[in-house]
Amino acid sequence: MNKPEPEQFKQIFYEHYPSVKRKLNAMVRDEAAADDLAQEVFLRLYRNPPDQLEAIGAWLHRVLTRIAYDYMDKKARERRLQNKQEQYYDLNESITADGEQTVIREQEQAELHELLDQLPERDKQALLMKYSGYSYSEIAEQLQLRPPIVGTLLHRATNKLRKKMLNST
């Protein structure tokens, strides 16, 4: 059929718009989107009217259903894409954060080893063994010291290291 006359179209619009919008709103659960989709339904009616205007209600229902399903499919695709982007962003952010942390940790360890190298060998060995989990008696045995001296040695070595750290900054 040819395009409806403006007066005829206006009459169809005013008669059917509320029910079309109500059905769309029930399907998409978004009033603003339902308004836009209802306009799309009537734009399609104006551009490509059905052959029989007597069955306009069924034609409008079929078109609004298709438009609503297309809209919901589009929204679902957008949500999936957004979820993928968020997952990708989160993954990259954690990789970057892990990488930054690793670089910082390696830098700090390198600086600490440089400072340890400036200490006397016995102090350096005592501190390395202490922070590697050795007991005082094991440190005493390795360094060939009497066990009561180990605590004093570690305390003095820690103070020397602390002073070197403060002087290097």
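**Helices, rings and contacts in a predicted model**

Biologist: Where is the place of Q87?

Modeller: Q87 belongs to helix α3, which covers residues 56-117. Helices here are DSSP runs of H or I with at least four residues, strands are runs of E with at least two, and both are numbered from the N terminus.

Biologist: What sort of model is this, and how are residues numbered?

Modeller: The model is predicted, with local features requiring pLDDT of at least 70 and side-chain atom pairs counted only at pLDDT 80 or more, while totals for chains, interfaces and linings use all residues. Numbering starts from 1 along each chain as its sequence is written, and side-chain values rest on heavy atoms, with hydrogens and water left out.

Biologist: Back to Q87: buried or exposed?

Modeller: Q87 is exposed, because its relative accessible area is 56%. With a 1.4 Å probe and protein chains only, buried means under 20% relative accessible area, exposed means over 50%, and partly exposed lies in between.

Biologist: How many Å separate the C-alpha atoms of Q87 and I149?

Modeller: Their C-alpha atoms are separated by 56 Å, and the two residues are 62 residues apart along the chain. For another such pair, R146 and L24 are 122 residues apart along the chain, with 88 Å between their C-alpha atoms.

Biologist: Where is R146 found?

Modeller: R146 is in the loop between α5 (136-143) and α6. R146 counts as exposed because its relative accessibility is 57%.

Biologist: Turning to rings, how many aromatic pairs does the structure hold?

Modeller: There are five aromatic pairs. Rings of Phe, Tyr and Trp (its six-membered ring) pair if their centres lie within 6.5 Å; planes under 30 degrees apart are stacked, those over 60 are edge-to-face, and the rest are tilted. One of the pairs is F13 with Y14, which is edge-to-face at 5.6 Å centre to centre and 75 degrees between the planes.

Biologist: Why is the pair of F13 and F42 edge-to-face?

Modeller: The planes of F13 and F42 stand at 70 degrees, with the ring centres 4.9 Å apart, so this pair is edge-to-face. It links distant parts of the chain, since F13 is in helix α1 (residues 6-28) and F42 is in helix α2 (residues 31-47), 29 residues apart.

Biologist: Which residues do the ring pairs link into a cluster?

Modeller: The cluster consists of F13, Y14, Y17 and F42, linked by ring pairs. F42 is buried at 3% relative accessibility, F13 is partly exposed at 25%, and Y14 is exposed at 60%.

Biologist: Which ring does the charged end of K130 sit over?

Modeller: That ring belongs to Y131, and the charged end of K130 is 5.5 Å from its centre. The criterion is NZ of Lys or CZ of Arg within 6 Å of the ring centre and within 35 degrees of the ring normal.

Biologist: How do the axes of α4 and α6 cross?

Modeller: The axes of helix α4 (residues 121-130) and helix α6 (residues 147-168) come within 9 Å and cross at roughly 100 degrees. These helices are therefore roughly perpendicular to each other. Axes are lines fitted to C-alpha atoms, for helices over the stretch in contact, with angles from 0 to 180 degrees between N-to-C directions. Angles under 35 degrees count as roughly parallel, over 145 as roughly antiparallel, 65 to 115 as roughly perpendicular, and the rest as oblique.

Biologist: Which residues meet there in α4 and α6?

Modeller: From α4 come R122, D123, A126, L127 and K130, and from α6 come L153, L154, A157, T158, K160 and L161. Contact means heavy atoms within 4.5 Å. The residues of this contact are six nonpolar, one polar and four charged. Nonpolar covers Ala, Val, Leu, Ile, Met, Phe, Trp, Tyr, Cys and Pro; charged covers Asp, Glu, Lys and Arg; the others, Gly among them, are polar.

Biologist: Is K124 buried or exposed?

Modeller: K124, in helix α4, counts as buried at 17% relative accessibility. Not counting residues up to four places away in sequence, K124 touches L116, D117 and L119.

Biologist: And K21, buried or exposed?

Modeller: K21, in helix α1, is buried, with a relative accessible area of 18%. Leaving aside neighbours within four places in sequence, K21 is in contact with E31, A34, D35 and A38.

Biologist: Finally, what is phi of R29?

Modeller: R29 has phi near 55 degrees, a positive value in a residue other than glycine. R29 lies in the loop between α1 and α2 and is exposed at 72% relative accessible area. Q144, not a glycine, has a positive phi of about 55 degrees; Q144 is in the loop between α5 and α6 and is exposed at 73%.
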